Amino acid sequence: MIVETSALVKRYGPHAALDGIDLHVPAGSVYGLVGPNGAGKTTLLGILSGLRRPTSGTVRLGARPGRIATLPDTPQFDPWLTGREVVSLAARLAPPPAGATTATSRVDGVLAQTGLADAADRRVGGYSRGMLQRLGLAATVVGEPELLLLDEPASALDPAGRREVLDLIAQLRGHATVVFSSHILADVQEVCDRIGILRHGRMLFQGGLEDLLVGRATPAYRIRLRTGADQAEALLRQQPWVTSLRSDGSHLIVGLRTVDEAQTHLAAVLAEAGAKVVSLGPQEAQLEDVFLELTS
Amino acid sequence: MTLWRLEWLRLVRTRRLFALLTAYAFFGLTGPLTARFLGEILRVVGTDGVQVQLPDPTPADGIAQFVSNASQIGLLVVLLVAASALAFDARREMAVFLRTRVTSVRSIVLPAYAVTTAGAVCGLLLGSACAWYETTVLLGAPPAKAMLAGTAYGVAFLAFAVAVVAFVAALVRGVLATAGVSVVLLLLTSLVGGLVRASTWLPTGLLGALGNLTAGRPAADYLPSLAVTLILTVAALAGAISLGNRREL
């Protein structure tokens with residue numbers, strides 16, 4: 001484990017921002033920290049990066065001093081510096097390990113990688129919020145750190161920028177360890193191999209994504225009908241094996257007691273309703289469903 | 001790109017160095033001028049029938065007029081410039097960038113302190129040179145040794161004032177709060193010095209040294225004040241680093 005915390009508590013007066021957190025992050029993994037606002041994600045990242053001190057508990061970091069890089073959720077820099085100067089300063093303060101590419105080419109490389117090559121010599125004061133986030137990421141990865149602590153790294157980016165950041169994080173897998181917090185659960189589901197769900201300062205779940213999704217979410221079927229939706233809905237509500245029923249626009253999501261019962265009876269109920277079926281299949285468990293189930 | 005260059009760029013690109021040099025040069029040029037023509041000015045703006053008689057201005061008056069302005073408005077500019085560099089925790093996101101990349105805030109504080117002090121000292125030297133020249137032209141040459149010694153004492157005071165800002169910046173977060181608390185601390189020091197007649201033992205005593213030395217006071221009178229100033233400067237910087245390392249973001 002490159003990051004391990006034990007019974008970590010952080011109190012602000014009577015309020016416990018973190019309440020007995022045992023965090024385990026394997027080296028080389030991409031770890032997603034999710035939770036509603038005020039869950040303690042930023043506090044936890046702040047303690048791991050040394051910006052805050054825990055009230056009690058222990059933190060053990062496997063990364064060497066100077067090999068940990070932190071990116072805040074809304075990175076800001078002196079507006080009179082250029083993008084290249086910011087990344088050069090970051091490279092100077094936390095240089096890549098010996099034997100890595102020279103500082104200048106490394107700076108140019110990360111600026112290009114984060115899509116800032118053309119704006120590198122412009123002053124940061126004229127950057128958009130998305131460009132500042134890219135610049136923050138460039139300054140974070142330029143030193144080739146062993147551990148990256150990223151707080152909402154894609155929150156201010158447009159879809160294309162978000163895709164680039166996610167690709168960049170995915171590329172780091174195996175070379176560095178990434179711990180990142182996010183509200184965008186699809187991002188976490190896409191790039192993380194481990195996940196921690198926080199709520200009110202407590203860790204509700206921690207483990208592999210598969211472990212979380214398999215068997216957690218209520219089994220459901222996803223049905224798309226061309227006609228007869230109202231009649232089918234009325235009949236389905238009468239079935240004892242249907243636990244919930246909701247529409248997400250073009251589809252009906254049928255919550256089930258067991259998948260087996262749906263496989264036995266669902267087709268017959270739809271036929272009885274006279275519905276014309278376009279598609280029908282089990283609903284794959286989504287992180288969002290499990291997240292809502294755990295945190296609600 | 002190093003933290004030293006960062007601080008130099010902060011002074012140059014934000015025109016803070018220009019502000020420092022301009023403020024001191026302005027007072028250096030206008031102080032002796034005011035001293036030379038104060039009598040005429042009062043006669044022009046005076047009430048009819050009231051005659052104000054002033055003794056003929058001396059070179060010491062020209063320098064004293066510069067010191068009077070420089071130690072108020074000039075010092076205020078120095079404190080504001082220093083606070084903008086040393087209150088680096090004022091914006092959390094900017095502080096995170098620096099703090100997570102150094103092992104001790106010493107690496108941030110010392111370049112910010114040294115470069116800001118150097119900028120302030122350049123301002124004082126320029127202002128003193130202007131005042132010296134202007135006084136020589138208008139009122140006669142002030143004693144060179146007194147000018148040099150007085151300016152050196154002024155440099156020591158500025159180094160102390162910037163160190164006070166560094167210390168205060170580790171206690172409060174905002175730039176204006178840092179500058180404001182620093183002003184209050186220096187004012188209180190000056191008041192205490194006046195009340196207990198200990199100005200020659202306090203750093204604020206050095207503020208008027210340039211004016212007093214050109215008026216004939218011995219330079220050795222300010223040595224106790226210089227010693228205390230140097231000790232307090234080192235203590236303030238050590239305190240700033242110690243408190244800064246313990247501060248949470």
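Colleagues, residues are numbered from 1 along each chain as its sequence is written, while chains are lettered from A and ligands numbered from 1 in the order in which they are written. As the model is predicted, local features need pLDDT of at least 70 and side-chain atom pairs count only at pLDDT 80 or more, whereas totals for chains, interfaces and linings use all residues.

I begin with chain A. An automatic or database domain assignment divides chain A into domain 1 (3-213) and domain 2 (220-284). Taken over C-alpha atoms, the centres of these two domains of chain A are separated by 42 Å.

Next, the sheet. Helices (H or I, at least four residues) and strands (E, at least two) are DSSP runs, numbered from the N terminus. Two strands pair if DSSP finds at least two bridges between them. In chain A, six strands form an open sheet of mixed pairing, in the order β6-β7-β8-β4-β9-β10. At its edges stand β6 (68-71) and β10 (202-208) of chain A, each with a single partner strand, so one side of each has no neighbour in the sheet. Strands β4 (residues 30-34) and β9 (residues 194-199) of chain A run parallel and are joined by four bridges; Tyr31(A) is opposite Arg194(A) in β9(A).

Is helix α1 (residues 41-48) of chain A enclosed or open, and why? Seven of its eight residues are buried (20 or more other C-beta atoms, placed from the backbone, within 10 Å of the residue's own), so α1(A) is largely enclosed by the rest of the structure. Among the buried residues are Lys41(A) and Thr43(A). Just after α1(A), Gly50(A) adopts a positive phi of about 85°.

I turn to the nonpolar cores, which are sets of buried Ala, Val, Leu, Ile, Met, Phe, Trp, Tyr and Cys residues joined through C-beta atoms within 7 Å. The largest has 143 residues, and those touching the most other members are Leu86(B), Ala161(B), Val162(B), Val165(B) and Ala166(B). Helix α6 (residues 144-169) of chain B gives the most to this core, with 17 residues. Apart from it lies another core of 14 residues, including Ile223(A) and Leu256(A).

Finally, the contact between chains, where two residues touch if their C-beta atoms, placed from the backbone, lie within 7 Å. Chain A contributes 24 residues and chain B 19 residues. On the side of chain B that touches chain A, α4(B) gives the most, with five residues.

Key
Buried ≥ 20, exposed ≤ 12 C-beta atoms within 10 Å, placed from the backbone.
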